[in-house]
Protein chains: 4
Amino acid sequence: MKFSLGCALGYDVKEPTPFLFNVELAKVATQTILTETLTLSPSLEAERWTMPETGNRYLRVVAPAGRFTLRYEADVDLNPVLESPELVTELAAGEIPLPTLVHLYPSRYCQSDRLQRLAQRTFGKERPGYSRVNAICNWIHDNVDYVGGASDELTSAIDTATERAGVCRDFSHLAISFCRALGIPARYASAYAWRLDPPDFHAVIEAYLRGPEGPGWYLFDPTRKSAANGLARIGIARDAAEVAFASPFGSVDFDKPDVWINAQDPSPPAAPTTMAIRCE
Amino acid sequence: MKFSLGCALGYDVKEPTPFLFNVELAKVATQTILTETLTLSPSLEAERWTMPETGNRYLRVVAPAGRFTLRYEADVDLNPVLESPELVTELAAGEIPLPTLVHLYPSRYCQSDRLQRLAQRTFGKERPGYSRVNAICNWIHDNVDYVGGASDELTSAIDTATERAGVCRDFSHLAISFCRALGIPARYASAYAWRLDPPDFHAVIEAYLRGPEGPGWYLFDPTRKSAANGLARIGIARDAAEVAFASPFGSVDFDKPDVWINAQDPSPPAAPTTMAIRCE
Amino acid sequence: MKFSLGCALGYDVKEPTPFLFNVELAKVATQTILTETLTLSPSLEAERWTMPETGNRYLRVVAPAGRFTLRYEADVDLNPVLESPELVTELAAGEIPLPTLVHLYPSRYCQSDRLQRLAQRTFGKERPGYSRVNAICNWIHDNVDYVGGASDELTSAIDTATERAGVCRDFSHLAISFCRALGIPARYASAYAWRLDPPDFHAVIEAYLRGPEGPGWYLFDPTRKSAANGLARIGIARDAAEVAFASPFGSVDFDKPDVWINAQDPSPPAAPTTMAIRCE
Amino acid sequence: MKFSLGCALGYDVKEPTPFLFNVELAKVATQTILTETLTLSPSLEAERWTMPETGNRYLRVVAPAGRFTLRYEADVDLNPVLESPELVTELAAGEIPLPTLVHLYPSRYCQSDRLQRLAQRTFGKERPGYSRVNAICNWIHDNVDYVGGASDELTSAIDTATERAGVCRDFSHLAISFCRALGIPARYASAYAWRLDPPDFHAVIEAYLRGPEGPGWYLFDPTRKSAANGLARIGIARDAAEVAFASPFGSVDFDKPDVWINAQDPSPPAAPTTMAIRCE
């Protein structure tokens, strides 16, 4: 399914400031970038790097003092695989590929090591596999209030488990923590999210499970706010620490980001929420 | 119902060290101290103070270098009032006596301010009154593992809500936090606890509710390990910080405390767990 | 020295809401209230209570729906005792009066139990007494940024020790924690603070030391923003949890509080910062 | 300089249990592995993976019920480059290679995002480069007590900054956090550490700086317990979460690990502590 998406970012820079951006679509198999343009104003020389393990694309510029804007536009064809949830199971610790084990470790905002008992007690008896991760997302949706401003960039899964309020970032960190605590590799994905209202950069999770075609990553949105077949992924990471859409190394003023994603077909269907979405 | 109880504490003191003790039974209306003896060896001059708001009895000595022991023995008649739970309701914020409001505040180990949403979401729809506090205790009993050594003297309600393991002190701190978060004044009580196995100093909670005879304090044991009509209270406080049974001001070696409580009747009944226990 | 002071608070109340206020001057020996008026609009019946241990005056009303205001005005004569700092020493643990020991315990926002080593390492070699508490306040002034908005009502001494930013409340919590960790009883005082700019409710600390006239409480302002002989105390407590100037039990809209304190003499001197200020 | 090193690990396994090990020397340019043997008993089929970004070597086996041991022995030639500290400077944010930026992010045990002000206030005026990282290590050595048992596997840099006690793991996490907070990429290294007494697995840090030969990683031991030219690195990572020497996925009993490292020359010199040690 084809989408047009992008973002426009604007800054008032006081003195020459390096910026790291991660707004371009990740290079992953299930999303085919049809066209894309990135426009910097003023036109600056940019350094680029694609992280081999994830396909994340990082871009660095040093912006001079004054007004600085970045505009990214892309057309993308998203082809996640829809599978029957009951066919998607878990891998034992001895079966998870060695390079994937890193996604079992606790990370800055996902302290799975402190949430072992809570995870076991709450989800230990759920049917392993897609069903269990889905139960985690349902539990978070039902037990945490989605409240803008209730959290900030220091908020972690422990805080959210305790204070029970947050936004997409916090919902994802808690879901990832529960998965890891249960032995399910899980990671964070920033995304352009179709049908998210109001439009913004979104955060979802990926869990490593075994489907009919073998092990792979499955997408879940614990906020239940986006259509899972309309998630165009930007950054894939241990947690939000690694995929900020913009990191200025210095003090700058910034505009509220403008973010959009529209389906190219007039009225395509959202994926049935009863299907498992495999993204890699 | 009559009980014989006491404790024996032993220390090896390296240099003259002040000790604050809180092991004698509190002076409260529903427990009548029939006899009691406190023996210090060596025999030391002791300073004493009874806290007016609680009836807690504090004792201070300065122990010289060498072996130092304290032995406390008492006979007590406990007369908690057994009431029908459905007659025990909550007070509105405008009705709680002003001196009691202090027991709504968060304290060191009871961060009720951070647990508002969790408390509201979990217990907000419970029937107010004895029933709701009982539901809190049941929830803690069902959702937290009783594990010796899983916590220490720095562990607080936030930790227990997150890590889901602890002992009587931790169970009580979490129960108190939930009560306060719901607007129910609650406090911590250390006690000699009949039928606790193995015998030890115990910790329970008191919640301020309105019974048939007016507002008062009701006892609950979130660990479900003691008989509620066999709780002889020692220290009543905001939380454990205020009622350590022994606080040496200096480094000392100590024996494992010996603690006991026995019913004087050959085989008296424990209070039915279906009754509300009013203690003040 | 005589001061005129007061505050004006305004609320838009949606439904009948109990309020607890603590804005009237505490009844303590070194501040003589010459005149005072408290005006509620609409005129409501108020319940009052003065806490015996502190002299704090609490006032409760149930405000009906609609506009509700409180105005407090007082003239006060402040007579703190100015003493020579080098004559103000510490009490050993065995000498502190038993009722004062409660101010050694950790409390919600003053986790002195977790700051033992930091306190010992940083202030362990300071000259005991006024000098050491002053060193604590200097250290906080020098090592923590005073930044409005850097903290909130959940911020505790641990957070401030780590993140090194806060306001008067946070500076006081950290100072209290360090004192307690060193065995010096310390408590929190909210106050009308002369020369505070901009005017607002202020927070300072009191430490229990031994002066020329015996043991007593000494005032310190770790923010260094007020004149210590112009602190008219409102609430004295373990920490901020216990002396909020206003606690509505329900959701209300409120105006920014208006707070003032003016010296009645045209240009009286601030106390020399080289003197110890004994307040009780 | 040549070393013989190794470890012997022993387990009592109750039921078939997967283990992940990271005890073999990392494949990095400055350490040449001359010989090595890894012996599993019983002899088990092992799966192996070397992480491309770090050279870490992971080994997984599924141990059957019963006694299970692993023994690793290696001879290694360590050739760190000794440089003059004053020639080792920092890189600006715009100069750090893009793949290295990941080592500026906060991680589970290194919450550099919460330690910005503390780092800036304490080390902001230090001379940038080797000198500043060295100042960080000196500060930690001087301000944190090395106390076995004062921390556990959940302890993070925030805890250590607050409680001021820990072991090599904690010292390293705090040093890494300070570096990252100051814009210096830093990572964790587990190692066989010559002259560490008693011998054990050790933890040190690497900071990314610019030396006479260009940018690279420099070794620092904040505990000051090892000889920096005798550090044979095993696992290089964001923090300890990623390089446990052994991770059993299940409950097992284990022996205290036996770890050793000896210089092959009879009495080689430790590197002068006045030199910068470049390891990559």
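Biologist: How many residue pairs are in polar contact between domain 1 of chain A and domain 2 of chain A?
Modeller: The count is 5 residue pairs, both residues at pLDDT 80 or more. Keep in mind that this is a predicted model.

Biologist: Which elements of domain 1 of chain A touch domain 2 of chain A?
Modeller: Strand S1 (2-13) and strand S6 (66-78) of chain A each give two or more residues to that side of domain 1. S1(A) has the largest share, with 5 residues.

Biologist: How many salt bridges are there across that interface of domain 1 of chain A and domain 2 of chain A?
Modeller: The rule finds 0 salt bridges there.

Biologist: Where do the two domains of chain A run?
Modeller: The assignment gives domain 1 as 2-78 + 248-258. Domain 2 is 81-241 + 268-278. Their centres, taken over C-alpha atoms, are 25 Å apart.

Biologist: How much area do domain 1 of chain A and domain 2 of chain A bury between them?
Modeller: About 1200 Å², with 59% of it on carbon and sulfur atoms. On the domain 1 side, A:Phe3, A:Thr30 and A:Leu78 supply 29% of the buried area, more than any other three residues.

Biologist: What does UniProt place at residues 160-224 of chain A?
Modeller: An unreviewed UniProt entry puts "domain: Transglutaminase-like" there. Over residues 160-224, chain A is 28% helix and 43% strand. The end C-alpha atoms of that stretch lie 17 Å apart.

Biologist: New topic. How many residues of chain A are in contact with chain D?
Modeller: 32 residues of chain A, against 32 residues of chain D. The two chains bury about 2800 Å² between them, 65% of it on carbon and sulfur atoms. A:Arg60, A:Leu98 and A:Arg108 supply 24% of what chain A buries there, more than any other three residues.

Biologist: And how many salt bridges cross the interface of chain A and chain D?
Modeller: The rule finds 4. One pairs A:Glu242 with D:Arg238, the closest N and O atoms being 2.9 Å apart. S4(A) gives the most to chain A's side, with 3 residues.

Biologist: Last one: D:Glu24. Buried or exposed?
Modeller: D:Glu24 is buried, because its relative accessible area is 3%, and the cut-off for buried is under 20%.

Biologist: Where does D:Glu24 lie, and what does its side chain make a polar contact with?
Modeller: D:Glu24 is in the loop between strand S2 (17-21) and strand S3 (31-41) of chain D. Its side chain makes a polar contact with the side chain of D:Arg48, at 2.9 Å. D:Glu24 also touches other residues, including D:Leu38, D:Tyr72 and D:Ile234.

Technical notes. Residues are numbered from 1 along each chain as its sequence is written. Chains are lettered from A and ligands numbered from 1 in the order in which they are written. This is a predicted model: local features need pLDDT of at least 70, side-chain atom pairs count only at pLDDT 80 or more; totals for chains, interfaces and linings use all residues. Side-chain values use heavy atoms; hydrogens and water are left out. Helices (H or I, at least four residues) and strands (E, at least two) are DSSP runs, numbered from the N terminus. Buried means under 20% relative accessible area, exposed over 50%, partly exposed in between (1.4 Å probe, protein chains only). A polar contact is a pair of N or O atoms within 3.5 Å; within protein, one must be able to donate a hydrogen and the other to accept it, and residues adjacent in sequence count only if both atoms are side-chain atoms. Contact means heavy atoms within 4.5 Å. UniProt positions are given in the numbering used here, feature names are shortened, and annotations may be inferred rather than shown by experiment. Domain bounds come from an automatic or database domain assignment. Buried area is the accessible area (1.4 Å probe) that two parts lose on being put together, summed over both. A salt bridge is a side-chain nitrogen of Lys or Arg within 4 Å of a carboxyl oxygen of Asp or Glu. Lists of a residue's contacts leave out its neighbours within four places in sequence.
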